[in-house]
Structures are given as structure tokens and as C-alpha cells.
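Have a look at the protein shown here, then try each task before reading its solution.

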Amino acid sequence: MSGTEPESGPLRTPPQPGGLPPGGELSAAGTAHPQPGAAATSVGDADRGAHRFWSGRRVPAGITALLAAAGTGLLLYDVAAVRAGRPAMRWRRTLATELATRPLDDTWMIVGATGAMLLGLWLVVLAVTPGLRSLLPMRRPGGVQGGVDVHAGLARSAAALVLRDRAMRVPGVQAARIDVKRRRVTARAQAHFRDLDEVLADLDTALTDGIRRLGLAKQPKVSVRVRRPRKR
């Protein structure tokens, strides 16, 4: 997304019913409002498709599996060699001696235990979290389509691009930047003509309708700010 120049006027956000707050500045953060024709999407449909996509975690899983297989194979080979009458490998004798003689409050023992704990905690977090934060889950259709239960997702970058195109179509908008998060869409725009309040209201309406048309399972909140470009 293209950046915007520093502002020269106050930032304004969508007006709330009841008039201006003290100081004359407008501030509000709205949500995506339902529009006529959106009744076909029920709350149950949105909830049914609201869960996030799970990442395969192929790289961490592959590295962990390779390290575990290499360590286990080396240990089994050494145990088999000892059973066959050969001496144990030097690294295993040294490790057994260090573990038997070093006290538990030794610095290296604490460092090793801390490292193992952090590694295990990282693997647990990877196992229980979905990942794929860049994909926004979309609403599922009312029934199974062609025998397949469809579960679609939309990239946040693609959603931001679509919303930015809609923002640039609003009369008076010279530049716009859209940041799409899982729960909030933040829009920052520059208006080079028209009243800021009018541009703000039109931009809020356009983005709200645009978010609804994206078909997301959970409608994010909308936060809009409009300012004048900096005079050169």
C-alpha cells in the first residue's frame, strides 16, 4: 500500500449521532453495518465458518523429526556397540560423567535445562496455535457444494487491496492506506477537495459496504481517518 504524506490538519474519524464532541473534533470507530440484501447470511453461517486455518508447520516438524531421528539412531548404535563388546563412544562417557558429577545448581546445568524448556514450550505453542494469520476465513455456503464442504479464505493483503480501490473511488480522496487485521480495518486517507466530514462519511460507507461484500466469516470493525495533504 502506498504511504501518505504528513498531515497538516487534524485527524478526523466517523461522526457519531448526537453532534460533535467538545473541541470540535470527530472521533468514533464503527463496525461493519448490515446492508439491504445481506439477510441471506445468518449468524449461524458466520459462526460455522469462523474458525481459522491451521498451518501444516512442515518446517518445524521436519527439523524436529530429523533431529530426533538422528539422536535416537546415534544412541541406539552406541548401545548396540557396547552390547557387542566395544567401548562406548567418548561423547556418551563424557556426558554420563558430567551428569553424574555436576550439581543441579551448576550454571551449565541451569542453562541447558532452560534451553530445553524454551524449546519444548516453543514446540507446544506451535502445536496448539492455528498459524496462517495472513488468511481471513470466509463465510461458508449454506450447504455442501458438489459433495465438498467448502472452506475458503482471503489473504489480508488482497482484502486491503480491494478496500483501497474502493476508497480511491470516493470523490475527494487523493491517497489512501488500508491496514487489514483480523478484528479491525484501519483506513487513513488524504482529501484534497470537498469537506472532510463529507469525505469521511462517504469513505466510511464505502469501506463498510466493501467489507460486507468480502464475505468474511467475522466482520471486522472499521476505523477511518481523513486529513488534508501537507502544503508544500
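**Exercise 1: the fold**

Read along the sequence, the pattern is β-α-α-α-α-β-β-α-β-β-α-β. This is a predicted model, where local features need pLDDT of at least 70, side-chain atom pairs count only at pLDDT 80 or more, and totals for chains, interfaces and linings use all residues. Residues are numbered from 1 along each chain as its sequence is written, and side-chain values use heavy atoms, leaving out hydrogens and water.

Task: state how many helices and strands the protein has.

Solution: The secondary structure comes to six helices and six strands. Here helices (H or I, at least four residues) and strands (E, at least two) are DSSP runs, numbered from the N terminus.

**Exercise 2: the core**

Solution: 
1. A nonpolar core is a set of buried Ala, Val, Leu, Ile, Met, Phe, Trp, Tyr and Cys residues joined through side-chain atoms within 4.5 Å; buried means under 20% relative accessible area, exposed over 50%, partly exposed in between (1.4 Å probe, protein chains only).
2. The largest core has 28 residues, and L163, I178, V180, L203, L207, V224 and V226 touch the most other members.

**Exercise 3: one residue**

Task: decide whether L74 is buried, partly exposed or exposed.

Solution: 
1. Locate L74: this residue lies in helix α2.
2. Check its relative accessible area, which is 40%.
3. L74 is therefore partly exposed.
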